[in-house]
Amino acid sequence: MAKCKHIDVMLDDGTPHKWIIPLTEDGFQSFISNGNTVILKVFGPGSVFSPMLFAKFFDPSDAFPLWDFEADVLLSNLRRFGHHSVDWSQTNSKYVLRAELPGVGEDTLQVCFERGKLLEISGMWKQQRDSKSRDWRSSHWWEHGYVRRIELPENADWKKTEAVLINDTFLEIKIPFKPFTDVHQGPLERRWACCLKCGLLSALRKFSSFYEEEQMAMVGSECGMGQPWMPLTGNLSFTELKSIILSMLSKGSVATKAR
């Protein structure tokens with residue numbers, strides 16, 4: 001049976017001067033070529049903390065929009081060589097990240113967010129000799145620790161994130177989607193959301209006298225499509241409209257009105 005340990009997620013780590021020194025490709029090659037087995041384990045092929053995770057060099061202290069890409073596509077080179085230690089996906093309700101940890105520094109593992117826009121996973125593979133020296137994250141951080149910073153999708157409900165350590169080896173992070181009505185949408189998302197609502201209302205208008213004309217407001221301007229979409233009350237959400245249709249279907253009212 002798998003052993004699961006819940007990791008406390010910091011919702012706002014305001015530590016200043018983190019990751020201010022970037023890891024360059026030349027610096028990384030020099031560092032890892034002179035490294036020991038622990039360094040190779042932390043930053044080697046297949047590690048979520050490796051700058052070479054995506055086949056080309058990318059400083060893991062820079063935020064990367066992970067969920068904008070398919071894991072099998074971005075990690076195709078690693079998959080070809082049998083590396084399956086990192087995976088990410090999205091279901092109908094949440095974003096998921098699974099990663100094998102390097103086997104060092106799990107007791108220092110930290111999962112946190114920055115201003116609700118970035119997910120940050122970090123830990124130390126080597127303790128600082130002087131505990132009173134400045135934070136390892138504000139200098140050449142790779143000499144003491146590891147990090148992976150990820151841009152969050154706009155509809156990520158980051159305050160409800162769950163992080164679990166499985167068998168002291170695999171980290172699993174789940175970030176649910178925001179409720180439909182709470183998403184801060186850009187222009188394309190707004191148009192899509194509006195079309196969804198208009199489509200539901202169209203079904204209502206076709207099969208029911210549920211709405212009175214004087215209660216409706218035109219939403220063509222909100223759609224930005226330049227065409228007369230079905231009118232829609234501003235007080236009803238997508239979920240409420242959907243519930244109305246499902247309720248009508250269950251009562252057989254749709255069939256009655258259609259005739």
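This is a predicted model: local features need pLDDT of at least 70, side-chain atom pairs count only at pLDDT 80 or more; totals for chains, interfaces and linings use all residues.
Which residues is Glu 120 in contact with, leaving aside its neighbours within four places in sequence?

**Entry 1: Glu 120.** I listed the contacts of Glu 120 and found Asp 13, Lys 18, Trp 19, Gln 110, Val 111, Cys 112, Glu 114, Arg 137, Val 147, Arg 148 and Arg 149. I then located Glu 120 in strand 6, which covers residues 118–124. I looked up its accessibility: the relative accessible area of Glu 120 is 1%. Because buried means under 20%, I recorded Glu 120 as buried. I next examined side-chain polar contacts. One of 3.0 Å joins Glu 120 to Trp 19, and one of 3.4 Å joins Glu 120 to Arg 149.

**Entry 2: Leu 119 and the core.** I moved to Leu 119, again setting aside neighbours within four places in sequence. Its contacts include Trp 67, Phe 113, Ile 150, Leu 152, Ile 173 and Ile 175. I checked the largest nonpolar core, which has 48 residues. Leu 119 is listed there among the residues with the most contacts inside the core, together with Phe 43, Trp 88, Ile 173 and Ile 175. I noted as background that nonpolar side chains tend to be buried together in soluble globular proteins.

Entry 3: I traced an open sheet with the strand order 1-8-9-4-3 and antiparallel pairing. Strand 1 (4–7) and strand 3 (86–90) are the edge strands, each pairing on one side only. From one strand to the next, the twist averages 15°.

I then went through individual pairs. Strand 3 and strand 4 (residues 94–100) run antiparallel and are joined by five bridges; Gln 90 has Tyr 95 as its bridge partner in strand 4. Seven bridges connect strand 4 with strand 9 (residues 170–176), also antiparallel, and here Ala 99 stands opposite Leu 171. Strand 8 (residues 162–166) pairs with strand 9 over five bridges, in the antiparallel sense. In that pair I found Val 164 opposite Glu 172.

**Entry 4: Confidence.** I checked the pLDDT of the protein chain, which averages 78, with 68% of the residues scoring at least 70. Over residues 203–234 pLDDT stays under 50, and the model has 55 contacts beyond four places in sequence for this stretch. I also noted residues 252–259, where pLDDT is below 50 and the model has nine contacts beyond near neighbours in sequence.

Conventions:
Residues are numbered from 1 along each chain as its sequence is written. Side-chain values use heavy atoms; hydrogens and water are left out. Two strands pair if DSSP finds at least two bridges between them. Helices (H or I, at least four residues) and strands (E, at least two) are DSSP runs, numbered from the N terminus. Axes are lines fitted to C-alpha atoms, for helices over the stretch in contact, and angles run from 0 to 180 degrees between N-to-C directions. pLDDT is the predictor's confidence in each residue, from 0 to 100. Contact means heavy atoms within 4.5 Å. A nonpolar core is a set of buried Ala, Val, Leu, Ile, Met, Phe, Trp, Tyr and Cys residues joined through side-chain atoms within 4.5 Å. Buried means under 20% relative accessible area, exposed over 50%, partly exposed in between (1.4 Å probe, protein chains only). A polar contact is a pair of N or O atoms within 3.5 Å; within protein, one must be able to donate a hydrogen and the other to accept it, and residues adjacent in sequence count only if both atoms are side-chain atoms.
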